[in-house]
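Welcome, and thanks for taking a look at this one. Here is a short briefing on a ligand site and on one residue of the chain.

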Amino acid sequence: MNLLVLNGVNLNLTGRREKGVYGSETLEQINAELRAFAEAHGAHADFYQSNLEGELCTAIQNAEGVYDGIILNAGAFTHYSYAIRDAIAAVSVPVVEVHMSNVHAREEFRRNSVLTPVCRGEILGFGKKSYILAMESFLV
Ligand code: DQA
């Protein structure tokens with residue numbers, strides 16, 4: 001099982017921005033935990049973060065035939081990126097959408113995801129554990 005953990009815009013600031021919402025662990029620390037979790041289940045995980053919409057689309061396109069699943073936190077792109085939505089729809093690799101915060105308990109604009117309809121599922125509101133639970137959906 002080969003998994004890609006993909007993080008979008010501003011997720012590189014995790015651990016430094018809005019700690020009350022996203023926690024104080026950095027993305028690197030969360031990724032290290034995810035890597036260990038994957039390996040403990042006999043799987044492999046790669047990690048990629050970009051603040052650029054097109055780079056995330058390219059990463060999704062390139063996942064075809066390489067990865068068995070993508071764990072995607074697209075950040076604010078979630079709410080308006082038809083380009084990322086189309087990239088997900090274009091590949092056969094299943095994508096699980098992730099959010100650390102409970103987007104439904106926040107601003108109105110966060111309640112809508114244009115990605116969910118083309119994702120296998122969505123996990124949100126559990127902080128870094130959202131990523132672990134998403135990974136578990138592929139592994140267990
Ligand atoms: C987020 C929620 C988004 O609304 C926000 O723009 C983010 C992070 C989350 O993980 O809770 O950047 O995807």
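In this predicted model, an oxygen atom of the ligand lies 2.7 Å from an N or O atom in the side chain of His79. The protein covers 98% of the 330 Å² of accessible area that the ligand has on its own. Let's go through the surroundings by topic.

- The side chain of Asn73 places an N or O atom 2.8 Å from an oxygen atom of the ligand.
- With Met100 the backbone takes part: one of its N or O atoms is 2.8 Å from a ligand oxygen atom.

**The shell and the pocket**
- Besides Asn73, His79 and Met100, the residues surrounding the ligand are Arg17, Tyr22, Gly75, Ala76, His99, Ser101, Val103 and Arg110.
- Sorted by class, this shell holds four nonpolar, five polar and two charged residues.
- If you are setting up a pocket search, note that the largest pocket is the space taken by the ligand.

**A look at Thr14**
- Thr14 sits in the loop that links strand 1 (2-7) to helix 1 (19-22).
- Is Thr14 buried or exposed? Its relative accessibility is 1%, and buried means under 20%, so Thr14 counts as buried.

Notes
Residues are numbered from 1 along each chain as its sequence is written. This is a predicted model: local features need pLDDT of at least 70, side-chain atom pairs count only at pLDDT 80 or more; totals for chains, interfaces and linings use all residues. Side-chain values use heavy atoms; hydrogens and water are left out. A residue is near a molecule or strand if one of its heavy atoms lies within 4 Å of it. A polar contact is a pair of N or O atoms within 3.5 Å; within protein, one must be able to donate a hydrogen and the other to accept it, and residues adjacent in sequence count only if both atoms are side-chain atoms. Accessible areas come from the Shrake-Rupley method with a 1.4 Å probe; for residues, only the protein chains shown count as cover. On a 1 Å grid over the protein atoms alone, a cavity is a set of points where a 1.4 Å probe fits but cannot get out, and a pocket is an open set with protein on both sides within 12 Å along at least five of seven lines; lining residues have an atom within 4 Å of a point. A molecule sits in a cavity or pocket if more than half of its atoms lie within 2 Å of its grid points. Ala, Val, Leu, Ile, Met, Phe, Trp, Tyr, Cys and Pro count as nonpolar, Asp, Glu, Lys and Arg as charged, and the others, Gly among them, as polar. Helices (H or I, at least four residues) and strands (E, at least two) are DSSP runs, numbered from the N terminus. Buried means under 20% relative accessible area, exposed over 50%, partly exposed in between (1.4 Å probe, protein chains only).
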